Structure formats: structure tokens, C-alpha cells
Amino acid sequence: MSEKGQLSRRKFIAATAMATAGAALPVRLKADFNRDHLQVWSCGGLAEAFIPANQRFLAKTGIKINYTGAFAAALGKSLLGSATTEVFAGRVLGLAQKLRGAGKMIYFKPLCFTKYVMVTPVGNPADISGLNDLGKPGVRVVLAPGASPPGGSAVSGLLKKAGLLESAIRNCTVKASCVQQSIAAMLEGQGDVSVVEQRITRMLLFQNRLEVFDIPETFFPRSPLTFTIGVMKHAEDRELADYYLDFILSDEGQHFFEKAGFIPALSAAGQRLVETLGVKDV
């Protein structure tokens, strides 16, 4: 087969795989499984997507999701110890790999990715137009360097990569310990601009109150971008856990993550990041 033919075949296979992954799942009810509930843990940043997704899963199947969203590192440390859950969605690829290596997780798949954006109050009163504005004299920058990892450290890394960390810190009028507190302070008139994950802008508290500006992906810190979801060793009904993952990774399930401000793994942008960041189970 010619090189051109091989390339066309690879494109066809990739397109077929995407179409299959995004196909509607056959609806199954709780009578089809051995249990009527499933325990799911995730890092807290995913809660805005998982809560409505779990409600939809209950409506479709009658199966209740016992959901816990908390700090990913703390949950991961617990799971690497004696704690158990049936499905875990965590941030940072290395955590999923550790759980797999320790025999705690049966398999994992890419779930979604985060992205970073600049935000200003609606109306953009300081006339912010680009990332370099964070270093200009007179611009009031709002940051949360003390936010729990990777919140504060990731933004600092982004600004450092852009060559703006020192000047942005000099312009910082609010240094909050929480990202949500920093944005609330900006909206109260204490600042002009901030850098946050796009998911923050979709929270009910901030909807329609912010203007959002893209940041070049080249400045994004790689490690915090990835979220995975996996079935744990202690899943009491493996078939149910697998079906739940299939739902979350379907078009219907991924919609909740897109709406919450994430890049769904199923999307074209998500598939590119899967390859770029090497998000594959091994």
C-alpha cells in the first residue's frame, strides 16, 4: 500500500474510532446490574461537571451515584493507602499511573483537559488586550498564589513561561489564598485582570460577570492540564463501573464537561491533547 493510502487508512480508522466512541449508549436500567448504586470520587474541580452528569445518569438508569469531590492529591494519597472507591477521576496523569502501578486501579482513560484564560470584569474597564498587559504599569493584577496546588503554582508557572511573573507580581493588588476569592475581589473593584482556568468562569457565581480572553496554549503548564477517569480494583460491579465510564465518555456525558469549561477528551481538541500529552493507559 502506498504511503498516501496508509495515511488515508489511518485517518479512516481514527474517524471510525471517534464516531464509535461518541455513539449513543444503549440505555440500561438498574435491574441489568448487581447493584443500584456506585461510588465515584473525583478532584473537586470536576464537581460542576460530575454533579449534573450523575443526575442525568440516575434519570436514565435509576442508579444512584454516591459522589465525593475533594482535593485530588488528598484523595490520591488516601487511595494509594487503605481507602477505596469504585471509580476515580483525578487530575495529573502521574496520579492515575501511580494508582495503576500500585494495582489500585484496573484501567483509566482520558476524561478532559483544562485551559487557562485571562479574565476582566464585564466591560473590560482597564482595556486589557493581551497577556503582556499584566506587566504594564498601572494595571491591577489579581492572583491567588496561595491556592491549593495546582491552582496557584500553575498560574505562576504560566506567567513565568511567558516572562511576566515578576512584573505581574509587582502589579498584584490582591494575593488571595483561593482562586474564587481572588475573582470575587476583582469583581468588587480591587483589580483589573486575572489568570484562571476557564472552568472558573463557568461557575454560577461568575456567569455573565466576566470577559474572557484566550491565552496561547504554548504557555500552559503541562502537568495540571490532564484529567483521567478510571475503574478501581474495589469496584463491586465491574460491569456497572464500565458502563458508567462509557456514559461519562459518551457525547452526552462529555457535554457536561464542555459546559463546565473543560476541553472534552472526545473533542478534536481533546484528541490532539491526548496525543500531545501522551494520555494513555499502559
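Is cysteine 172 buried or exposed, and at what relative accessibility? In this predicted model, cysteine 172 sits at 15% relative accessibility, so it counts as buried. The cut-off that settles the matter is 20%, because buried means anything under that value. Cysteine 112 lands on the buried side too, with a relative accessibility of 0%.

What about bonds between cysteines? The structure turns out to hold 0 disulfides. A disulfide calls for a pair of cysteine sulfur atoms within 2.5 Å, and that helps in reading the distances here. For cysteine 172, the closest cysteine sulfur belongs to cysteine 178 and is 14 Å away, so the two are too far apart for a bond.

Next comes the empty space. Rolling a probe the size of a water molecule over the atoms shows where such space is left. The largest pocket takes in about 540 Å³, and 35 residues line it. Nearest its centre lie Ser148, Gly151, Val179, Glu197 and Arg199.

Which helix or strand gives the largest share of this lining? That turns out to be α5, with 5 residues. The helix α5 spans 151–161, and at least two lining residues each also come from β6 (141–143), α7 (179–190), β8 (193–197) and α8 (198–201). Sorted by class, the lining of the largest pocket is made up of 21 nonpolar residues, 10 polar ones and 4 charged ones.

Methods
Residues numbered from 1 in each chain as written. Predicted model: local features only at pLDDT ≥ 70, side-chain atom pairs only at ≥ 80, totals over all residues. Heavy atoms only, no water. 1 Å grid on protein atoms, 1.4 Å probe; cavity = no way out; pocket = protein on both sides within 12 Å on 5 of 7 lines; lining within 4 Å. Points joined across faces, edges and corners; volume = space filled by probe spheres on them. Helix = DSSP H or I, 4+ residues; strand = E, 2+ residues; numbered from the N terminus. Nonpolar A, V, L, I, M, F, W, Y, C, P; charged D, E, K, R; others polar. Buried < 20%, exposed > 50% of the residue type's maximum accessible area, 1.4 Å probe, protein only.
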